Amino acid sequence: MLRGKVGVMPPGLLALARERVAWPHPEWWALTVSGAAWLLIAMPDTVVAADPLNHLHGARSVWFDASGAVGHAGDWLLMIAAMMFPLSVPSIQTTAARSLWRRRHRAIACWLVGYTTPWLILGLTVSILTRQLSFEPSPASEGVAALAFIAAGLWQMAPARARALRRCHRTQPLAPTGWRANYDCLRYGSNTGVHCVASCGVLMVACWLLGHGSLGLAGMVTATLVGLAERYTIRPDQRRLAGALALQAIVVAAI
Amino acid sequence: MYLLHFERTVAATIVQLGGPAEWALPYWNYSDTVNPNARRIPAAFRERTMPDGRPNPLRVEQRDAGNDGAPVGEPEDVDVCGALGKRRFVAQGVGGDPGFGGGQTGFNHGRGFASIAGEVERVPHGSMHVAVGGFMSGFDTAGLDPLFWLHHCNIDRLWEVWRRRDPANVDPTQPLWLTGVSFPFHDQNGQVVTHTSSQFVNLADRRLEYKYEDVSNPCVELETVPTEGEVTERRPEMVGATFQPIQLGEAPTVTELSMAQPSGPMLETLAGAAPEVYLNVENITGSGKPASYAVYLNVPEGDEPEQHPELFAGILPMFGLDEASQADADHAGSGLHYTLDITPVVRRLEERQSWDPQTVRVSFVPRRSAREPIRETPGRTIQVGRVSVYVG
């Protein structure tokens, strides 16, 4: 077998992968990151967070500690990558298509950094608040999570959320080269992220409140499927999507 | 679809009033090359009075042009050959050939691919909305001018002309397009009915019974275009863009942008062949009364762009600018996005050896509607977010 540049993959296969996947789908590596995040979340022992077994455990004697913050940031990064990157594919594709070919992956990276930042700010704020409130995993906390899913279901149908969702898909001009190109991609991503936090933040917090474990994973899967259904169907029925979230709330409350 | 129910509602009313049962919605063929008066508004829509002396309700005083019997717009506003010459219905991709119908709209109109206007949407659809002006120039008011219905009847007719012009010109076949979306309407009896696109692709369908007097191809030059072969599926690649937004006003605006050689698949795909070149005018936002701008390439310094029709790249009609610029509306403030096929201009410049593949100068020239002083169109602002060049 002929050896290509990468391992033992035949050159023909490599070219095919390049032409069929890498070229038309520059978002491939963002989706790979997303897949890896799902794997890490599904295997909590391997999570790099400071308190890997449950992000709601940890020292609560101080309102902020560095290791806890790193752990929470790690948790939130995983959730954002797993759940939100697949929902951002159209924006990622637009960013790449509006950039010079040679710098399209850099443009995507800048966009993702900008996009992730508002989410991280939300995540760390929620983390600090839950610590301040000495929020511990308990049947009561899962009740709060169930209420959060109910809130997310109601928000799903709100006109204000529909406006925020539309703004998530607003495009912006991107400079072609230089620092300005990177800055524009960052700005485009962060603007998108701000509106995505407004439209999906409640749902993300509801998932986070469920913590690690099968219940948390189920919540994330439900939330991601709702997001995908909303984006990849024409004129999605918001009542059905809200119903799915209400069902998730019932499951959480029942368990 | 809405034309069908408008036509049936009007027809039912006409019959109720004792009129003819065979009434049908007419179309305004402003592109008729054998009719020297094609761009004049038909007399029935501009005469002040009807034959019996009563005021003519089909005449709308708010129009900016045409009520005096003068031709509406310029020949470029009704040049349908660009649209009819398209080989694909759906746009090629961000930056490339916009196709006859434009980008595929997903659940959101503001996304990159979804916001691309098709060639027929730009000219003559948008250009004639702006050229007639008045009610016709606004989304919310266009239907108040009876000409609107004739205009859109003609757009429907042009779709049929496009389909008949070449067997290769076919509609999308995806189920999403055919049956994916249901559109609700009120029929002539006030009952709610729903339709999908699949019910409107066959004009001979008993439910439609659409008959157009003329569906011949008005563009002689298109007859020479070979019809064999598949549409080349190239992936368009951006090779240059501006850095700063550009303000458009009452005077011509010139911008310059640098270009690089394609470095991605286009480099291999082309293999020395001359690529198609597209000028993208992206994220056009603003407000106020819509205007139109003509775009020229590489106009020599000191020359009037109008002196160089060979450098004319296309028209940018600002129809829908207000709506596309609103952050809370369907486009989420992304604005309008036009793609002009500048390949013919580039070829001409190449033949004259005056095409610099590293730099292009783009002139935005206000047309009559845009030359009205700002004081007469308060609040008008137009900003182009970016101008870019793609090869594909």
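**Entry 1: Asp171(B) and Arg163(B).** I began with Asp171(B) and Arg163(B), whose side chains form a salt bridge with N and O 2.6 Å apart. By salt bridge I mean a side-chain nitrogen of Lys or Arg within 4 Å of a carboxyl oxygen of Asp or Glu. Both Asp171(B) and Arg163(B) are buried; the cut-offs for relative accessible area are under 20% for buried, over 50% for exposed and partly exposed in between, with a 1.4 Å probe and protein chains only.

**Notes on the model.** I am working from a predicted model, where local features need pLDDT of at least 70, side-chain atom pairs count only at pLDDT 80 or more, and totals for chains, interfaces and linings use all residues. Residues are numbered from 1 along each chain as its sequence is written, chains are lettered from A and ligands numbered from 1 in the order in which they are written, and side-chain values use heavy atoms, with hydrogens and water left out.

**Entry 2: a pair within a helix.** Next I looked up Arg164(B), which pairs with Glu160(B) in a salt bridge whose closest N and O atoms are 2.9 Å apart. These two are about one helical turn apart, because they sit 4 residues from each other in helix α4 (residues 147–165) of chain B. Helices (H or I, at least four residues) and strands (E, at least two) are DSSP runs numbered from the N terminus.

**Entry 3: Glu282(B).** I then found Glu282(B) in a salt bridge with Arg386(B), at 2.8 Å from N to O. Glu282(B) is in strand β6 (residues 277–287) and Arg386(B) in strand β11 (residues 381–391) of chain B, so this pair ties together parts 104 residues apart in sequence. Glu282(B) and Arg386(B) are both buried. Glu282(B) also forms a salt bridge with Arg98(A), with the closest N and O atoms 3.7 Å apart.

**Entry 4: between the chains.** How many salt bridges are there between chain A and chain B? I get 3; over all chains, the whole structure has 27. In contact (heavy atoms within 4.5 Å) are 30 residues of chain A and 39 residues of chain B. The two chains bury about 3000 Å² between them, 57% of it on carbon and sulfur atoms; this is the accessible area (1.4 Å probe) lost on putting the two parts together, summed over both.
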